[in-house]
Amino acid sequence: MFYLKSLLILFSIISSLSIQANTALEQVGQLSLSSKTYQVNGQYLYAASCGGFEVFDLVDPLKPNLLANLPLISTYDCTFKIAFNNSYVYILNLQHIDIIDISTPNKPKRVGNYEIPRNNDYNSDFIIAGNYGYLTISNEILVLDLSNPVQPSLVASKTFEGNTSLRLKANGEQLVVRKIVSNHPNDLTDEILFFNLKKPTQFEQLGSISLGTKPFNWGGFPLSNLEISDQYLYTISLNGELLSIDISNPAKPQQVGKYTFNDQAWGDNYVFVSGKFLYFLRNNTGNEAAAGDVTHKVFVMDISKPTQLSLTSTYKVDNNYYCYINSGFLYKQNLYVTSRNGLPTQILDISQPSQLKEIGRLLDSSINWSSNLIHKGNTLYFIDGSNNKKTLVTIDISNPVLPKITNTLNFDELINYYYSTLAVDNNYLYFCNGLGLYSLDISNPLQPKKVGQHPLSNGNNCNDVTISGKYAYLMTSTIVGFGIQSSAQIMVVDISSPTQLSKVGEYSIANRYLKKLIAKDNKVYVLAQSTQSVNYTAYDYLHILDANTPTSLKELSNYELPISSNYGIALVGQYAYFSGSSRLHIVDISNSNSPVAAGNYSNNSWKYSNGFNIVSTGNNILYASDYYGLFKIDVSNPAKPKQIAQILPTFDYGTIAANEPYLYRLTSYGLQVFKSLEVEAPQMTQIKGLANGACELNLSAKMLNADDGTGKNAGDFYLQWKETGRESTSSGDAVIAGYFYASSEKVTWGSEANPEVYAKLWFAANGMLNVNFFHVGVFDVQLASSYGEDMPQLNGGAALDHNKITIERKAWRYSRHDYTNWRSCGKTDSALGSLKIEEVPRQTLKEMVNPKLTTSVFKSPSTSAAKIIGQTGSCELLIDAKMLNATSDGKPYGNLKLQWKEILRSTTSGGDTVIAGYFYGSPNEVSWGSTTNPEAYVKIWYARNGMLNINFFHVGVFDIELTSSYKGAVANAIDGYLTDDNNFINIWSDANRYSRHDYNNWKLCN
């Protein structure tokens, strides 16, 4: 069963970079402006945030110099931990660990990724000791072997009972574990355990100490890190007390000191030791908070006598409830206090512990998405609207891929005005808001200077500004509440003297809500929405105003756009382009008195998107969607726009600026930098035998950075295509099955019988064409497809490139290319022509000996399981697949045993043996069953090193249960759907479509 039209409902739509065309967008840098997690290593500062990974030098500790940046695989939830191991940095996120080579700090390189076996949580911790990493997930510690730093492997784990939070610290030959257990509705218990690091995988306990209990509180409890100095451990108790513990004898640790504060701490708290002083970063919720003081503090503690802890001084962090301290770090004589929720990192001088003082700040804020991005020469400008503290930010892009903040300018006119829009003309920058229009001299971009202003009428607000010649056109309105405009007008301001701005005209547009405007060639183009809805829809209009006499604007025409909810406007030649409502609209404005529709472009992945920003770059349009990424559209032929590139969505609103070949996108995470690239045209394989009149279907698969099997790098090369079956169904669907393989001339493991990427092409009766790719090998593969002139909608694949399938995460082994209507190229009832394929002959396996057996808790195959024949010796490999809760012709069928079909088998020149095949539904049992319609692809790999891997790839739309055995024993099953049943693969997410069964050493059988 393979009704991919049903899959469209089940899969979330994610779109990204396509390499089908000869132009691509590649993210080449970013400037992280969202709250960061910092860590110092040597003279370098490393930061991880939603915006990515950054490296700074600390030559000037007050002004860290950005050396390099690198996009992270995923920024889900933006919660990070950073750990170092020699020349590698490991960045823990909720889903995985990024591994980055920092041997050359100014050129970091992501070299690996470790997918966390199960969902991480917010309280996870991660440290590295020797060649091992220790990761906490809820009540469990996982031990990762880092002897191969780019490919961590799980070698041990320890589980604690109860609802547990854990904190880790390495101290010489000791692993120190703080364990807090929530025994709701009873008490919280707190203790510290000591384990022997000489036996990293055995968790040999040396000793422990109880830190007491505390009544359970739904509001949570404070967690603190552990600091060790001179054989004393320091931490904050559940009651907010500073404790000192003598750990010179880990078998008998003893608490020797305690300092009690006057109020309670909450959330995470942090302690740092420098010399004879400890710095306690405390988030407050006690007596002071009850009195209205929500200030968070830094306490400076004298620990010269661990048995007599004393308070030296305190320092108040920003008096703001939302400044919640995120973390901190020490560097030389400075303490850096980082905060969440968009506040800057404060730099405190600790050279005199009795009197801390702030000496600087690092911009570290969440950017208000409504800020627009303006480009001028080597400088970008935007207004940071976070926390109602508007700041004009100047970014130097003289090095386009390494942007640097060069100035931040605060002034009263920006405070508390949500709308602040920018325009640039010559050496002046203009912004407008509810107070009026302001001019800034930017002849020195490092020091913008306000030089002029013109107020608005009382109660008005400015929502947009554009400049043409010596005039600025302001889109203003009066707000009467809940965003409703009581009036809307275009104000004209003479800017011929930037220091003396003067209003010279005004034009009102009745019954309209103004959205955007742009001025060009003595015309003003206004995007507006009707304030009077029809059938609950408020339609959009393009108003064209004659500005030959700016003091007296007059309307030439107004044009109703095909659909509502347009958000952006751009002009290219005689055409106006509108973004939004899942479509790019194109209007011919060559006759200002009578605009006409010229074309439009849409893409399945735009289904729920709104383009909040659009800019033109020559014959191309850049369309910035809210949740679906950045699109580049070729509009050289406005009647037939063509998408030529698409980049990763950030799931966030964003505004864009262009300075070809570089593109800049500002989101609440930070500034992203993209570059337009000319890419190699893929070596496409045409699928022969389609019906007359159908478009050409072409596929391509390129293996990336492969090893040739002898330890040498084979580089990038294209894979070869082999078709294994095709069939048309009585219901009008058609299927073609096949795979890509590596040539034996390229690599020793290459063989026509060794699939690297399975493919299933489904021509649905409803017109949808689905091209499904399933990654089978061990090297990344770049995919491409084309069908006529259409661009596919991309689903699945890797995070930064959905045409790329990879082994880094099992979720990324699957990618799908969708085309909306395969029938559009011709009138035909069937997708397939008369081409037939020959029956594939079965080859003979080289002699293999029986494997050593392993056991597990998983179910054994049925007695009627498929037997893999052709082996020698007494070992018998059985594999079985059962489809669960299937339907046939719309009626429930129940569980269905699938049938096995072998495609090919071969032994490579390198000594590996492979068997390729698939499970299918019997046509005698279900209407969609066919011997040429795979439901689960299988690749059985007898590796030269003795490992036997059975790889399963789910293809259909019903859940499947898989089992295998070798000489009666059951495999060690990994991946799959759930940690307690890896034999189960389902359709609910791409992550669950792959499962693997491993046997340790097939060479030891007999």
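Cys432 and Cys462 form a disulfide, with 1.9 Å between their sulfur atoms; the criterion is a pair of cysteine sulfur atoms within 2.5 Å. A search of the whole structure finds one disulfide. It links distant parts of the chain, 30 residues apart: Cys432 is in strand β36 (residues 428-433) and Cys462 in strand β39 (residues 460-468). Strands here are DSSP runs of E, at least two residues, numbered from the N terminus. The angle about the S-S bond is -60°, and the link of Cys432 and Cys462 is left-handed. Both Cys432 and Cys462 are buried, meaning under 20% relative accessible area with a 1.4 Å probe, protein chains only.

A word on the model. It is predicted: local features need pLDDT of at least 70, side-chain atom pairs count only at pLDDT 80 or more, and totals for chains, interfaces and linings use all residues. Residues are numbered from 1 along each chain as its sequence is written, and side-chain values use heavy atoms, with hydrogens and water left out.

Next, the aromatic rings. Rings of Phe, Tyr and Trp (its six-membered ring) pair if their centres lie within 6.5 Å; planes under 30 degrees apart count as stacked, over 60 as edge-to-face, the rest as tilted. By this rule there are 23 aromatic pairs. Phe431 and Tyr438 are stacked, because their ring centres are 4.9 Å apart and their planes are at 15°. Both of these residues are buried. Phe774 and Tyr814 make a tilted pair, 5.0 Å centre to centre with 40° between the planes. That pair also links distant parts of the chain, with Phe774 in strand β64 and Tyr814 in strand β68 (residues 814-819), 40 residues apart. Phe774 and Tyr814 are both buried. They belong to one aromatic cluster, whose members include Tyr739, Tyr741 and Tyr758.

Now the largest nonpolar core. A core is a set of buried Ala, Val, Leu, Ile, Met, Phe, Trp, Tyr and Cys residues joined through side-chain atoms within 4.5 Å. Which of its 36 residues touch the most other members? They are Leu697, Leu699, Leu719, Trp749, Leu761, Phe763 and Phe773. Strands β59 (697-707), β62 (734-741), β63 (755-763), β64 (769-775) and β65 (781-787) each supply at least two residues of this core. The largest share, five residues, comes from β59. Leaving aside neighbours within four places in sequence, Leu719 is in contact with residues including Ala701, Met703, Phe740 and Val781; contact means heavy atoms within 4.5 Å.

Last, Asn949, in strand β76 (residues 948-954). Asn949 counts as buried because its relative accessibility is 14%.

Terms used:
Helices (H or I, at least four residues) and strands (E, at least two) are DSSP runs, numbered from the N terminus. Buried means under 20% relative accessible area, exposed over 50%, partly exposed in between (1.4 Å probe, protein chains only).
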